[in-house]
Amino acid sequence: MSDCSGGSCSTCSSCGSDDPDRLPPGMLKVYNLNQSTADGVLVWVETEPDGEGVRIADVSLELLSAARRLSDGRVFAVVFGGAEVKPLYPSIFGCGVDSLYHVREKALETYMPEDYASCIVSLIKRIEPATVLMGATLRGRELAPRIASELGTGLTADCTGLRADGRKLIMTRPAFGGNIIADIECLRFPQMATVRQGTFPKPEMREGSGTAIYWQFKEVVGKDIVSVERAEESGEDIRDARVLISLGDGIRDRALVDVAESVARKVGGMVSCSRSLVERGWMPRSRQVGMSGRTVVPDLYIAFGISGAVQHRVGMSAAGKVIAVNSDPDAPIHHYADLSLIADAGDILREMDRAL
Ligand SMILES: Cc1cc2nc3c(=O)[nH]c(=O)nc-3n(C[C@H](O)[C@H](O)[C@H](O)COP(=O)(O)OP(=O)(O)OC[C@H]3O[C@@H](n4cnc5c(N)ncnc54)[C@H](O)[C@@H]3O)c2cc1C
């Protein structure tokens, strides 16, 4: 039994040992926080339903390939789920992952923030990564603080940039309501960050191979799930759009949202918005661009009746070209636009709809 991982490795998952301290081959002993051997990057691979199976969330793909560039050490990944996750292995390894930990506990097939966090903590203590990365998704934002708190380490949430200085990670994010962009370092290992989608380019999909290890976690507390309802989604995501017709508080007639949808359809784009329209209930939160919304990288961003508050700008500053349509010549958005129209947003939208 000296080579046995206690039921955690991919080649031997049935030895039935109950010893929680038994380690997979080649692993270090239990993590001693703040010690100097921490190395490499661990990425939590978030999956999303995709027909009968699952797919890797775009932000996780971005992080997997960024992890390879950020670290000279090993790149680890952890994914939860049953057999439906196995077809994802080649894509995960294709991003440069050396070791993939697959948590296949039946009780963890349904997302549970407390149990997922404790399970990831157990893994972090074993593999001692210098860095732990997660998408700044709803789940990532829920899991990461729990993990950081259990480990007593720091977390930089909602990063819009990461770079490495040896094992040290420099994490960039808007701070003080978006009024400054701060570079943040964590004083101990593991350094944790949640990262916004679009911060790194999505990698070309290619297949690779590596070591897959079944990770056992028996301390599931669990909850009774009474029912699960899937929210209806169009499947479209403003983060994927090449052209965004974006609406702000200057849009005063609700019918203009339909006009904007029509224009967007004609140019093969999507409609997004500032927080004002979400607060008004005219647009869903999934369409909000900005600090508390989504970060978008379209080729063309047309802002109708948007002032250009910093909290909005941090979500669209990487757009290829920006056109601002605003009746106020002093609106800040004009400073960030490649083309400014001092005009009524409704007039321009209707004219575009007619012309197209
Ligand atoms: C912690 C925090 C997080 C935030 N997160 C976000 C976020 O993620 N996204 C976000 O968008 N905001 C966010 N905000 C809010 C942000 O500060 C601004 O309040 C918001 O972006 C303003 O939206 P707006 O530009 O649509 O509205 P306004 O600032 O009110 O601007 C409306 C603009 O429309 C112009 N206008 C008026 N009438 C017309 C017309 N007929 N034709 C053309 N132009 C016209 C006006 O000149 C004005 O410039 C956040 C704020 C905080 C404090």
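Predicted model: local features only at pLDDT ≥ 70, side-chain atom pairs only at ≥ 80, totals over all residues.
Me: What makes β7 and strand β11 (residues 191–195) a pair?
Reply: DSSP has to find at least two bridges between two strands for them to pair; β7 and β11 have three, in the parallel sense, so they qualify. Residues are numbered from 1 along each chain as its sequence is written.

Me: Which strands are the edge strands?
Reply: The open sheet runs β7-β11-β6-β1-β4-β5-β12, seven strands with parallel pairing. β7 (155–159) and β12 (211–215) are the edges, because each pairs on one side only. On average, neighbouring strands are turned by 20 degrees against each other, direction ignored. The names come from DSSP runs, numbered from the N terminus (helices are H or I, at least four residues; strands are E, at least two).

Me: What do β2 and β3 form?
Reply: A hairpin, with two residues between the strands. Strand β2 (residues 47–50) and strand β3 (residues 53–56) pair in the antiparallel sense over four bridges, and D50 has G53 as its bridge partner in β3. In the turn, G51 has a positive phi of about 60 degrees.

Me: Why is α3 called oblique to α4?
Reply: Their axes (lines fitted to C-alpha atoms, for helices over the stretch in contact, with angles from 0 to 180 degrees between N-to-C directions) cross at roughly 50 degrees and come within 9 Å, for α3 (residues 113–127) and α4 (residues 138–151). That makes α3 oblique to α4: under 35 degrees would be roughly parallel, over 145 roughly antiparallel, 65 to 115 roughly perpendicular, and the rest is oblique.

Me: Which residues in α3 meet α4?
Reply: Among them are Y116, I120 and I124, and the α4 side includes L143, I147 and L151. Contact here means C-beta atoms, placed from the backbone, within 7 Å.

Me: How many residues surround the ligand?
Reply: 27, and the closest are G248, D249, G250, G290 and S307; to count, a C-beta atom, placed from the backbone, must lie within 6 Å. α6 (275–279) and α7 (310–313) are the elements giving two or more residues to that shell. The shell has seven nonpolar, 16 polar and four charged residues.

Definitions and conventions
Contact = placed C-beta atoms within 7 Å. Nonpolar A, V, L, I, M, F, W, Y, C, P; charged D, E, K, R; others polar.
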